[in-house]
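Reader: I am new to looking at protein models, and I would like to learn how to read one step by step. Could you take me through the structure shown here?

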Amino acid sequence: MTILPFLVVAWIIAVGLYGLVTSRDLIHQIVCLIVVQSSTYVLLLGVGYVTGGVAPYFFDISPHAKAVDPVVQALALTDVVVEAAVTALLLSFAIQAHKRFGTLDPHELAPFKG
Amino acid sequence: MTPRQRRWLFAIAIAGFVACYLWAFAGLPGFGHYPGPYGPEILKRAVGETHATGVVSAVNFEYRAFDTVGEEFILFTAAAGMSVVLRRLRGESEHEPVQPPVDAARGRDLPATTSAVRFAALALIGPTAVIGWWLATHAQANPSGGFQGGVVLATSFMLLYLSGESITFRRLSPTTLLDAAEAMGAGGFAAVGLAAVAQGLPYLSNFLPLGHIPGAITSSGTIALISFLVGIEVASAFVLITGELLEQTLLVRQRKPEPEAARGGGG
Amino acid sequence: MRGAVLDVLQATVLVLVAAGATLVVRTRDRVRLVLVLSAYGMLLAILFFVFQAPDVTLSELTVGAVALPLILLLTIAKVRKPQ
């Protein structure tokens with residue numbers, strides 16, 4: 001149990017990268033990138049977890065209760081929202097690629113044309 | 001390089017990566033035995049120093065506020081970059097004079113939105129907007145904050161589109177207003193930091209007077225203010241992104257009326 | 001006792017998340033991919049909730065299950081071959 005989260009993170013990274021490498025569609029590649037990003041959220045929260053700790057909100061409990069680490073939660077929280085916007089930017093590039101080359105197959109997209 | 005060779009190369013590389021990764025994690029304390037010292041130190045001091053009971057938001061907007069400014073500018077840049085790319089695409093393909101927005105869905109041979117979806121979406125717009133507003137303004141007490149509240153507010157705009165009223169969505173989200181709101185949110189955050197500098201304190205330190213009741217809006221200083229500004233910025237960024245993509249899809253359908261009208265309403 | 005139940009719950013949801021990631025990568029059809037991604041986002045939100053992080057749960061739920069699939073669907077509608 002003590003290394004199961006980290007094994008799961010390694011699996012998600014490997015599976016996401018496999019999808020990225022063997023994909024024939026730019027949209028599918030972008031979704032695989034989303035999956036790889038999600039592994040980092042699991043990693044952050046897995047590192048900061050304290051057994052028997054509660055969520056770090058002391059509205060109705062004593063401030064001295066054992067709580068999980070708040071710093072990694074703050075990092076993961078902003079991460080989730082910001083990566084969605086970056087994914088939207090990647091999608092706009094995919095739209096432009098489709099307009100220029102007419103296809104979204106990464107094997108047929110020529111990056112530099114004369 | 002054939003796909004098979006690519007797969008074999010990938011298999012070798014990922015095996016090496018996973019081996020190094022597991023070797024690194026074998027040396028850490030196991031899951032659940034977080035050793036600190038940064039986390040427990042913050043937990044000890046946060047409620048007393050900032051009078052905010054939501055420690056995650058206190059970390060986000062006070063202790064690590066500089067990181068949050070950086071993240072917010074990533075968001076701002078991504079939305080701005082997307083606007084630039086998609087507006088340039090739109091400008092290139094507009095050869096005819098700009099037509100007023102028309103319900104281009106009429107006459108398409110796609111199933112119309114069912115009444116159940118439209119009704120549910122319409123009914124949920126109000127509560128979603130209220131919840132998003134509440135989340136964005138109560139960062140210091142509950143599990144809430146500018147980022148989540150902003151996204152929920154943007155979701156209420158998306159519900160407007162899902163309920164079939166895309167014309168209303170486009171009228172309610174003019175790009176000039178969205179650009180201004182987004183810039184105000186991002187610039188406001190930086191300005192709060194500069195206001196602290198103007199008083200001789202380090203950038204982004206908490207200079208407003210702290211109240212007595214932990215968890216109330218006015219008692220945590222700049223945390224509530226910054227969270228509200230972040231909420232406005234995130235909401236406008238997401239509505240801008242959705243609006244830009246919507247312009248693209250509606251533009252495609254507007255340019256091809258002839259073949260669909262010729263085929264009529266057949267399935 | 002409470003610790004043991006939470007451990008079992010966390011282990012179950014972790015395994016489900018790993019299975020969900022595999023499913024997302026193996027789906028090739030675009031619209032189906034978006035729906036599976038939305039379900040994966042909800043699974044992740046449950047995982048963050050069981051890890052005692054309600055803030056991250058809120059973020060992931062709204063972003064990963066609602067906003068991101070909508071943006072993806074709009075892009076797919078844009079690049080779809082005209083019928």
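Predicted model: local features only at pLDDT ≥ 70, side-chain atom pairs only at ≥ 80, totals over all residues.

Reader: How should I read the place where two chains meet, and how many residues of chain B are in contact with chain A?

Author: One can count the residues on each side, and then ask which elements and which classes of residue supply them. Here 46 residues of chain B are in contact with 42 residues of chain A. On the side of chain B that touches chain A, at least two residues each come from α1 (3-26), α2 (38-50), α3 (55-63), α4 (65-93), α6 (146-162) and α9 (222-255) of chain B, and α4(B) gives the most, with eleven residues. By class, this side of chain B holds 31 nonpolar, eleven polar and four charged residues.

Reader: And which helices of chain B supply the side that touches chain C?

Author: In that contact, 19 residues of chain B meet 15 residues of chain C. Both α6 and α9 of chain B supply at least two residues of this side, with α9(B) giving the most, eight residues. The side of chain B that touches chain C divides into twelve nonpolar, six polar and one charged.

Reader: What is used to describe two packed helices?

Author: Two packed helices are described by the angle between their axes and by the distance between the axes. Take helix α3 (residues 70-101) of chain A and helix α3 (residues 54-79) of chain C, whose axes come within 10 Å and cross at roughly 0°. Angles under 35 degrees count as roughly parallel, and so α3(A) is roughly parallel to α3(C). The residues that make this contact include A:L77, A:A84 and A:L91 of α3(A), and C:V56, C:A67 and C:I71 of α3(C). By class, the contact has 15 nonpolar, five polar and three charged residues.

Reader: At what angle do α3(A) and α3(B) pack?

Author: They pack at an angle of about 70°, with their axes 8 Å apart, and α3(A) and α3(B) are therefore roughly perpendicular to each other. The crossing in which α3(A) passes α3(B) is right-handed. In this contact A:P70, A:V71, A:Q73, A:A74, A:L77 and A:T78 of α3(A) meet B:V55, B:V56, B:V59 and B:N60 of α3(B). These residues divide into seven nonpolar, three polar and no charged.

Reader: Finally, how many residues does the largest nonpolar core have, and which of them have the most contacts inside it?

Author: The general idea is that, in soluble globular proteins, nonpolar side chains tend to be buried together. In this model the largest nonpolar core has 131 residues, and those with the most contacts inside it are A:L45, B:I241, C:A67 and C:I71. The largest share of this core, 17 residues, comes from α9(B). As for A:L45, leaving aside residues up to four places away in sequence, A:L45 touches A:V72, A:Q73 and A:A76 in chain A, together with C:F48, C:F51, C:A53 and C:V56 in chain C.

Conventions
Residues numbered from 1 in each chain as written. Chains lettered and ligands numbered in written order. Contact = placed C-beta atoms within 7 Å. Helix = DSSP H or I, 4+ residues; strand = E, 2+ residues; numbered from the N terminus. Nonpolar A, V, L, I, M, F, W, Y, C, P; charged D, E, K, R; others polar. Axes fitted to C-alpha atoms, helices over the stretch in contact; angles between N-to-C directions. Parallel < 35°, antiparallel > 145°, perpendicular 65-115°, else oblique. Left-handed = near helix turned anticlockwise from the far one by under 90°. Core = buried A, V, L, I, M, F, W, Y, C linked by C-beta atoms within 7 Å. Buried ≥ 20, exposed ≤ 12 C-beta atoms within 10 Å, placed from the backbone.
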